[in-house]
Amino acid sequence: MNVAIVGASGAVGQEFLKVLAQRNFPIDNLMLFGSSRSAGTEYEFKGKKYTVKELKHGDDFKGVDIAFTSAGAGISKEFEKDITKFGAVMIDNSSAFRMDADVPLVVPEVNAPDAKIRPRGVIANPNCTTIQMVVALKAIEDLSHIKKVHVSTYQAASGAGAAAMAELELQYRQVLNNEPATVNKFAYQLAYNVIPHIDVFTENGYTKEEMKMYNETRKIMHSDVQVSATCVRVPSLRAHSESVWVETERPISVDEAREAFSKAEGVVLQDNPAEKLYPMPLFLSGKDEVFVGRIRKDLSNANGLTFWCVGDQIRKGAALNAVQIAEYLVKEGDIKK
């Protein structure tokens with residue numbers, strides 16, 4: 001298969017290369033695209049070196065079967081037609097098309113068949129926090145319809161890209177050396193701090209990140225579920241955490257929930273408080289699954305259940321989810337092999 005990666009030099013682009021190699025995705029020809037700054041950079045994939053080509057309008061995507069794009073919403077919108085006009089399936093990791101009615105928004109464990117209906121040749125990868133949450137929610141939804149979700153996120157620096165990770169590391173060194181902290185990627189210093197602000201604020205007081213969790217969850221799950229989110233940046237490097245409270249139509253016991261999570265696709269149950277076993281980003285960076293623990297009945301609602309989940313947002317929250325979409329299409333014969 002002929003595969004292209006747009007935004008190859010970014011954190012997610014680099015993760016695409018790792019995931020595609022690790023999962024032995026069937027690739028005959030690989031093409032890497034990037035900005036004028038990254039053009040000419042070489043990356044190794046399965047023992048062979050590939051050079052990043054500058055992304056330009058034209059016919060560079062002729063013959064491409066799948067294009068994984070992760071270069072920002074503006075680039076995705078600008079180059080959509082160039083990428084898809086010869087029949088390539090564009091699996092886009094930006095926010096550009098997620099809420100478009102004619103673009104499926106897909107998490108394979110939840111709504112894989114949606115990927116087959118793509119009139120524009122585009123499939124959208126959801127926001128990382130949404131992906132992680134709906135993988136876990138699916139296990140509960142299969143037991144009883146979820147009416148409401150309240151969620152607080154604890155999002156690592158890597159959610160803002162490779163430069164943000166580097167800035168956090170730099171800030172820690174600067175603070176320890178009694179130097180002024182460099183602040184470029186976040187509203188405030190992140191080292192030794194938490195910032196309750198991810199993306200821009202909207203008129204209702206929620207940020208765009210928080211509204212993504214509301215809108216995207218409903219679209220992916222084909223549900224009327226009400227979602228209220230507070231998204232917080234925390235000074236960890238990689239892997240997002242979420243505290244999730246759900247209200248279901250009928251009461252669900254902790255044992256029921258544990259059993260459902262233990263059998264759920266893409267979920268690892270890590271829930272033994274007596275042994276201090278619960279998910280933490282320090283130990284789960286680089287993992288494919290969503291890890292779930294701290295499962296409890298809600299004390300204020302008989303139909304309420306609460307849990308904690310952690311997932312690597314660069315893998316499952318971005319590159320891995322996109323590759324799993326492509327794997328599903330190949331398996332279904334929806335893309336040429």
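**View 1. Phe-283 sits in helix α8, residues 281-284.** Helices here are DSSP runs of H or I with at least four residues, strands are runs of E with at least two, and both are numbered from the N terminus. This is a predicted model: local features need pLDDT of at least 70, side-chain atom pairs count only at pLDDT 80 or more, and totals for chains, interfaces and linings use all residues. Residues are numbered from 1 along each chain as its sequence is written, and side-chain values use heavy atoms, leaving out hydrogens and water. Phe-283 is exposed, at 54% relative accessible area. (Exposed means over 50%, buried under 20%, partly exposed in between, with a 1.4 Å probe and protein chains only.) Tyr-278, Met-280, Leu-282 and Phe-283 make a nonpolar surface patch of about 420 Å². (Patch residues have over 30% relative accessible area and no salt bridge; nonpolar side chains are joined within 5 Å, like charges within 9 Å.)

**View 2. Seven strands build an open, mixed sheet.** The strand order is β3-β4-β2-β1-β5-β6-β7. (Strands pair if DSSP finds at least two bridges between them.) β3 (42-45) and β7 (122-124) are the edge strands, each pairing on one side only. From one strand to the next, the twist averages 25°. (Axes are lines fitted to C-alpha atoms, for helices over the stretch in contact; angles run from 0 to 180 degrees between N-to-C directions.) Helix α1 (residues 11-22) packs on the sheet and touches β1, β2, β3 and β5. (Contact means heavy atoms within 4.5 Å.) The direction of α1 makes about 20° with that of β3.

**View 3. Strands β5 and β6 run parallel.** Four bridges join β5 (residues 66-69) to β6 (residues 89-92). Phe-68 has Ile-91 as its bridge partner in β6.

**View 4. Glu-15 and Arg-238 meet in a salt bridge, 3.2 Å from N to O.** (A salt bridge is a side-chain nitrogen of Lys or Arg within 4 Å of a carboxyl oxygen of Asp or Glu.) Glu-15 lies in helix α1, Arg-238 in the loop between β9 and β10, 223 residues apart. Both residues are buried. They belong to a salt-bridge network, with Lys-18, Arg-23 and Asp-288 among the other members.

**View 5. Asp-59 and Lys-85 form a salt bridge, 3.1 Å from N to O.** Asp-59 is in the loop between β4 and β5, and Lys-85 in the loop between α2 and β6, so the pair ties together parts 26 residues apart in sequence. Asp-59 is partly exposed at 47% relative accessibility. Lys-85 is partly exposed at 49%.

Technical notes. Areas by Shrake-Rupley, 256 points an atom, 1.4 Å probe, with all protein chains shown as cover.
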